[in-house]
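Open the model in your viewer and show it as a cartoon. This tour goes from one selection to the next.

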Amino acid sequence: MIEIKNLKKRFGDEEILKGIDFVFETGKTNLVIGQSGSGKSVLLKCMLGLFTPEEGTIEYDGNSYSDFTDEEKRALRQEIGMLFQGGALFDSMTVEENVMFPLRMFTKKRKKDLHERVNEVLKRVNLEDSAKKFPSEISGGMQKRVAIARAIVNKPKYLFCDEPNSGLDPHTATIIDNLIHDITVEYDITTVIITHDMNSLLEIGENIAFLKDGVLAWKGDKTQIFKTDDKTVTDFVYTSDLFKKVREAQNQGL
Ligand SMILES: Nc1ncnc2c1ncn2[C@@H]1O[C@H](COP(=O)(O)OP(=O)(O)OP(=O)(O)O)[C@@H](O)[C@H]1O
């Protein structure tokens, strides 16, 4: 669980995060949504320790980040798996080498154990047959699955995903969403997903934080988001055709 209390972050005179309280739950896909510029990335960077908030706390399973020693911060960093926008794979490395990279960096495992762990995660994302291929030789969806395998290879307690579906067709995006969800449940990870994708909200919106102008404007889950009459939320989500159709169907009792 990651708990954020009264988090404030400013740049110069501009207050970007204006006192956010939220609990990212373990074993769930926690989504952060909101318009461009609402502060989603700044929030994620505060959680990663890349930005220092002026006020408030970020607690990782009850321990406040600001109280951590440098060594504890490094240890925490190893417990966080990152899934970057676009995948961020190394083009010159094979699938297997990409997935092995964080293991080599953070652990002192023997070669045999490294290969065993890499094979295990590649199997989990159904890519065991593509281990020797290069990223350019596989599809966008497969590249995302490699990035997921790399993000979980060190058995993280926390998984941060920045726009995991960007650049994918809706069908592949759904597969990726469900894979992230299933892995979150199986390994009991606290997963935080920044997304613009309304489809993801419908699929895996188990715990949603909606940011507006640096404020937590609404929180709830995918069922509640359809029922709310909160205008800030409806103005945002009903710009999506998909949401309009689902609400129309609900109104017609379908
Ligand atoms: N390093 C920085 N220095 C100054 N201002 C920043 C910095 N990083 C972000 N900002 C500002 O903070 C605000 C929120 O930005 P942020 O990137 O968090 O938005 P976002 O919700 O992630 O948007 P998007 O969906 O477009 O990625 C913006 O006004 C941005 O200009």
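Before selecting anything, learn two terms: helices (H or I, at least four residues) and strands (E, at least two) are DSSP runs, numbered from the N terminus. Two strands pair if DSSP finds at least two bridges between them. The model is a predicted one, in which local features need pLDDT of at least 70, side-chain atom pairs count only at pLDDT 80 or more, and totals for chains, interfaces and linings use all residues. Residues are numbered from 1 along each chain as its sequence is written.

**The whole chain**

The chain contains 10 helices and 10 strands. Its radius of gyration, taken over C-alpha atoms, is 19 Å, close to the 18 Å that the globule rule (2.2 Å times the number of residues to the power 0.38) gives for 254 residues, so the chain is as compact as a globular protein of that length. Along the principal axes, the C-alpha atoms fill a box of roughly 55 × 50 × 30 Å.

Strand 6 and strand 7 (residues 158-162) run parallel and are joined by four bridges. One place to look is Ile80, whose bridge partner in strand 7 is Tyr158.

Strand 9 (residues 207-212) and strand 10 (residues 215-220) pair in the antiparallel sense over five bridges. Lys212 stands opposite Val215 in strand 10. Strand 9 and strand 10 form a hairpin with two residues between them, and Asp213 in the turn has a positive phi of about 45°.

Strand 4 (residues 55-60) pairs with strand 5 over two bridges in the antiparallel sense. Glu59 has Ser64 in strand 5 as its bridge partner.

**The ligand**

Which residues are around the ligand? Select Phe11, Ile16, Gly34, Ser36, Gly37, Ser38, Gly39, Lys40, Ser41 and Val42. A residue is near a molecule if its C-beta atom, placed from the backbone, lies within 6 Å of it. Helix 1 (residues 40-47) gives the most to this shell, with three residues.

**The two domains**

Finally, colour domain 1 (2-79 + 157-251) and domain 2 (91-155) separately. Their bounds come from an automatic or database domain assignment. The C-alpha centres of domain 1 and domain 2 lie 26 Å apart. Across the boundary, 12 residues of domain 1 are in contact (C-beta atoms, placed from the backbone, within 7 Å) with 10 residues of domain 2. Helix 6 (residues 170-186) gives the most to the side of domain 1 that touches domain 2, with six residues.

Definitions and conventions:
Two residues are in contact if their C-beta atoms, placed from the backbone, lie within 7 Å.
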